[in-house]
Amino acid sequence: MEHQQLKNMTRGIQKNIPIDKLRELVAKSRWTCDSNWMMAMVMNAGWNVANKMNLQVAQSVGKVEMHRLMKILNLDKPKNENEFMTLVSLAMETFITQDYFDYEFKMNGSGKGVGIIKQCYAYTKVKSINVDKDYECGCFGLRHGWYQAMGLHVKENLVKCLKNGADQCEIEVAAVAFPPKDIS
Amino acid sequence: MTKDFNSLSKNELKEIMNKNWMTHDAMWFYNCLQEFGIEKTNKINKAAIRNMAAIEIKRIQKAVGATQINTFDEFKSFFDQAMEIATGKFMKYKYIIPAHNLLQGQWDSCFAYEGMKALGVADRYECGIMLRIDTWLETLGIKFEVEPKVTGCIMHTNGKCFFEYRFFFDK
């Protein structure tokens, strides 16, 4: 069989991979790559440096990926809670592995809300190798990058944390300052 | 809100996912470089690639329902699928199968090299791109030889990058 024929045939086979499965596959590979970098850094530089670097990396990537997501969907920076929630939810559903993550996010209508994480892939992983007390959560950096791309200043407050023995993480999201409405 | 998420095509989604992944990887590389310099960063980068690629290729095998690869045709089919899933158009590579047991790959430009140039370390960067492929093959238990054998970056020394993989399938 000629190579081009073979390529066409395999592309045909690939069409049978559901889009969700393909997304999950690439997302898992990305986070596997991330955890390998993290642990290599821990081995070479210790937890303090690795944790600090993890936050910096997550923030830089978060900003870039949110810009890309807004561009590909032709979305503007959010001007209200609904648009903010939509973008955060889109990013969660697109970039995070769904198999290892269980969350919900609620806004209360006054610029405040709470993110509830019942299952977290990072916590599951660090717990499994008994380093959960050493690990500092990188998700704050990732979301900070998302907010930067949205042009928003968002304050987060960790109320409950799986790492501290709670049954879920609860992160209060406050002070989402949207640009003023154009009343001209 | 002008475009519905569900209207994204599979390829659009795959492209953004792969781009974000490579950006994520590059950010680790950059931060590691700032902390430790290029020698140690090369070492850590390659260790991360080896570990990641071994897991990655097994996941792809499972996702496409591939079984043990016994013939070159089976390998070609699986390799095409793996490349389709795990790479993006922005990587700008091409490869051909000119003969039985032979695969030639070529890059006229390379996103990793461009990144290293931007960081000012292209002359000391040790290629991680081909290591990913090599690790796939090793994980799959496929015997191969590759030429040229490189530790640095051919794009930097030659202006373009070329690899030839030779396999040893009976059929």
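**View 1. Strands E2 and E4 of chain B lie side by side as an antiparallel pair.** In this predicted model, strand E2 (residues 102–107) of chain B is joined to strand E4 (residues 161–167) of chain B by six bridges. One position to look for in this pair is Gly105(B), which stands opposite Phe163(B) in E4(B). In a regular strand, the side chains alternate between the two faces of the sheet.

**View 2. The open sheet of chain B has four strands.** Their order is E1-E2-E4-E3, and the pairing is antiparallel. E1 and strand E3 (144–147) of chain B each have a single partner strand, so one side of each is left without a neighbour in the sheet. These two strands therefore stand at the edges. From one strand to the next, the twist averages 20°.

**View 3. Strand E2 of chain A pairs with E1 and with E4.** Strand E1 (residues 102–107) of chain A and strand E2 (residues 113–119) of chain A are antiparallel and share six bridges. Here Tyr103(A) stands opposite Ile117(A) in E2(A). E2(A) also pairs in the antiparallel sense with strand E4 (residues 169–174) of chain A, over five bridges. In that pairing, Ile116(A) stands opposite Glu170(A) in E4(A).

**View 4. Chain B touches chain A through helices and a strand.** The contact involves 46 residues of chain B and 46 residues of chain A. Helix H1 (10–36), helix H2 (38–64), helix H3 (72–86) and strand E1 (93–99) of chain B each supply at least two residues of the side of chain B that touches chain A. H1(B) gives the most to this side, with 19 residues. By residue type, this side of chain B divides into 23 nonpolar, nine polar and 14 charged residues.

**View 5. The largest nonpolar core has 66 residues.** Which residues have the most contacts inside this core? They are Trp37(A), Met41(A), Ala91(A) and Trp146(A), together with Ala48(B), Ile60(B) and Ala82(B). Leaving aside neighbours within four places in sequence, Trp146(A) is in contact with Gly62(A), Met66(A), Val88(A) and Ala91(A). A second, separate core has ten residues, including Cys110(B), Met116(B), Ile129(B) and Met155(B).

Definitions and conventions: Residues are numbered from 1 along each chain as its sequence is written. Chains are lettered from A and ligands numbered from 1 in the order in which they are written. This is a predicted model: local features need pLDDT of at least 70, side-chain atom pairs count only at pLDDT 80 or more; totals for chains, interfaces and linings use all residues. Two residues are in contact if their C-beta atoms, placed from the backbone, lie within 7 Å. Ala, Val, Leu, Ile, Met, Phe, Trp, Tyr, Cys and Pro count as nonpolar, Asp, Glu, Lys and Arg as charged, and the others, Gly among them, as polar. Two strands pair if DSSP finds at least two bridges between them. Axes are lines fitted to C-alpha atoms, for helices over the stretch in contact, and angles run from 0 to 180 degrees between N-to-C directions. A nonpolar core is a set of buried Ala, Val, Leu, Ile, Met, Phe, Trp, Tyr and Cys residues joined through C-beta atoms within 7 Å. A residue is buried if 20 or more other C-beta atoms lie within 10 Å of its own, exposed if 12 or fewer, and partly exposed in between; C-beta atoms are placed from the backbone.
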